[in-house]
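This report is an introduction for a reader meeting the structure for the first time. It begins with the chain as a whole and then turns to sheets, helix packing and individual residues.

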Amino acid sequence: MKKTIRKIIKKIQKTFSNKKKISHIYFLIRAGRNYSQVQKQTFNIIQNKMPKGSYTTIKEVDFIKKKKKTIKNGLSFDMFIRASGDVLMSHGVADKNYLTMRDENGECYINRRKHVLVPGPWLKNKLLNHPKITLNENQIHCVGWPRLDELIDLQNKYKSNQKPTEKVKVLWAPTHDRRKRGKEGLSTSSYPEFDQWTELLEDKFDYTKSLHPRNKVLDKKPTVDALIEADYVISDFGTIVYEAWALGKPVIFPNWLIGQRIKKNLKGSAEAYIFENKIGLHANSIQEVVDFIELKKEIGDDVKQFMESYLPEDLNGQSANTINELFLKGCVE
């Protein structure tokens, strides 16, 4: 695995070998209340691998004011499609057609960026083949997902201290329902509909639910402990799906609730691809959800093959190192 990582880093360095090196990285804060914890966590994971003094965390509005006068040989980084940094990485690892969003003139937002970081080849190829995106192959980089650096470490520690339990641990972790899609104005999230089976699942399993930060009233922190401890994850189409799979946890999709909505309203996305090709465990009723768990269904080859393209195993746990090398040894102004 280390050899593969070194090859990736050398490829990045070679790509930009004749470019001007960057002396400082500016992490731009833009998130509001719902995503502030997500942004903070991701920034910290990346910055922990960077040399002291090589980066600054700054509000985007302040960065824009100072940029012309005081910032030289710097590269700015952010996690939101409408922000203005030189380098963009989405605040979530799911596709959701987020990176192909267009402005009021029909132009793709990411064409304004110098570089875009994506989890793996699947999403890179999608962007390169998009008719409206003008970025070239050397501007789109596969870097994995930084949160997994921390999650993998935490899971290893949890397993070393794990005690046997009588009941299977099941986590329901839906994405938010804020976005309403299609003429019907329906959400593609399993929240709140799936909540009606809470009592049933609590009776059979050690059942926990963890809502998306947008749907949490007080604690806006992203899901960590509940994910680490789960044996099975029930979800729909968000970041938690990919994180669970990368951690070796089977994901059950409540297909009867959201399958058609996702295929209809998220065409071309990785999530639509997952539902169209029935990758993973797709339940057509609450009884099938229960059956998957009681039959101890595991992750299949279909998931492993898809994940190797979407979120390659060699980058899991190495994302911050890969981004650090890209920032400090390769990127251009």
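## The chain as a whole

The protein chain has 13 helices and 13 strands, and the model described here is a predicted one. Of the 333 residues in the protein chain, buried residues make up 54%. Among the contacts in the protein chain with a separation of 6 or more, 71% are accounted for by residues 24 or more positions apart.

Strands of a sheet pair through backbone hydrogen bonds, either parallel or antiparallel. In this model, six strands form an open sheet in which the order is β2-β1-β3-β4-β5-β6 and the pairing is parallel. From one strand to the next, the twist averages 25°.

Helix α4 (residues 121-128) lies across both β5 and β6, and its direction is at about 165° to β6.

## Two pairs of packed helices

Two packed helices are described by the angle between their axes and the distance between the axes. Helix α8 (residues 239-246) packs with helix α12 (residues 301-310) at an angle of about 110°, and their axes are 11 Å apart. Because angles of 65 to 115 degrees count as roughly perpendicular, α8 is described as roughly perpendicular to α12. The crossing in which α8 passes α12 is left-handed. On the α8 side the contact is made by Y242, W245 and A246, and on the α12 side by V303, F306, M307 and Y310. The residues of this contact of α8 with α12 divide into seven nonpolar, no polar and no charged.

Helix α2 (residues 36-47) and helix α5 (residues 146-161) form another packed pair, with an angle of about 80° and axes 8 Å apart. This angle makes α2 roughly perpendicular to α5. Here Q41, T42, I45 and I46 in α2 meet P146, R147, D149 and E150 in α5. The residues of the contact of α2 with α5 divide into three nonpolar, two polar and three charged.

Leaving aside residues up to four places away in sequence, A244 touches L227, V233, K249 and V251. A244 and L148 are 96 residues apart in sequence, and their C-alpha atoms are 9.7 Å apart in space.

V251, one of the residues that A244 touches, belongs to strand β12 (residues 251-254), from which V251 and F253 point one way while I252 and P254 point the other way, and all are buried. In a regular strand the side chains alternate between the two faces of the sheet. Strand β11 (residues 232-234) is joined to β12 by two bridges, and the two strands run parallel. In this pairing, I234 stands opposite I252 in β12.

## Backbone details in the loops

In the loop between β9 (186-187) and α6 (198-204) lies P192, which is joined to Y191 by a cis peptide bond with omega at about 0°.

N97 is found in the loop between β4 (87-89) and β5, and its phi is near 60°, a positive value in a residue other than glycine. K296, in the loop between α11 (286-294) and α12, is likewise a residue other than glycine with a positive phi, in this case near 55°. Are these residues buried or exposed? N97 is buried, with a relative accessible area of 17%, whereas K296 is exposed, with a relative accessible area of 65%. The cut-offs behind these words are under 20% for buried and over 50% for exposed.

Key: Residues numbered from 1 in each chain as written. Predicted model: local features only at pLDDT ≥ 70, side-chain atom pairs only at ≥ 80, totals over all residues. Heavy atoms only, no water. Axes fitted to C-alpha atoms, helices over the stretch in contact; angles between N-to-C directions. Helix = DSSP H or I, 4+ residues; strand = E, 2+ residues; numbered from the N terminus. Parallel < 35°, antiparallel > 145°, perpendicular 65-115°, else oblique. Left-handed = near helix turned anticlockwise from the far one by under 90°. Contact = heavy atoms within 4.5 Å. Nonpolar A, V, L, I, M, F, W, Y, C, P; charged D, E, K, R; others polar. Pairing = 2+ DSSP bridges. Buried < 20%, exposed > 50% of the residue type's maximum accessible area, 1.4 Å probe, protein only.
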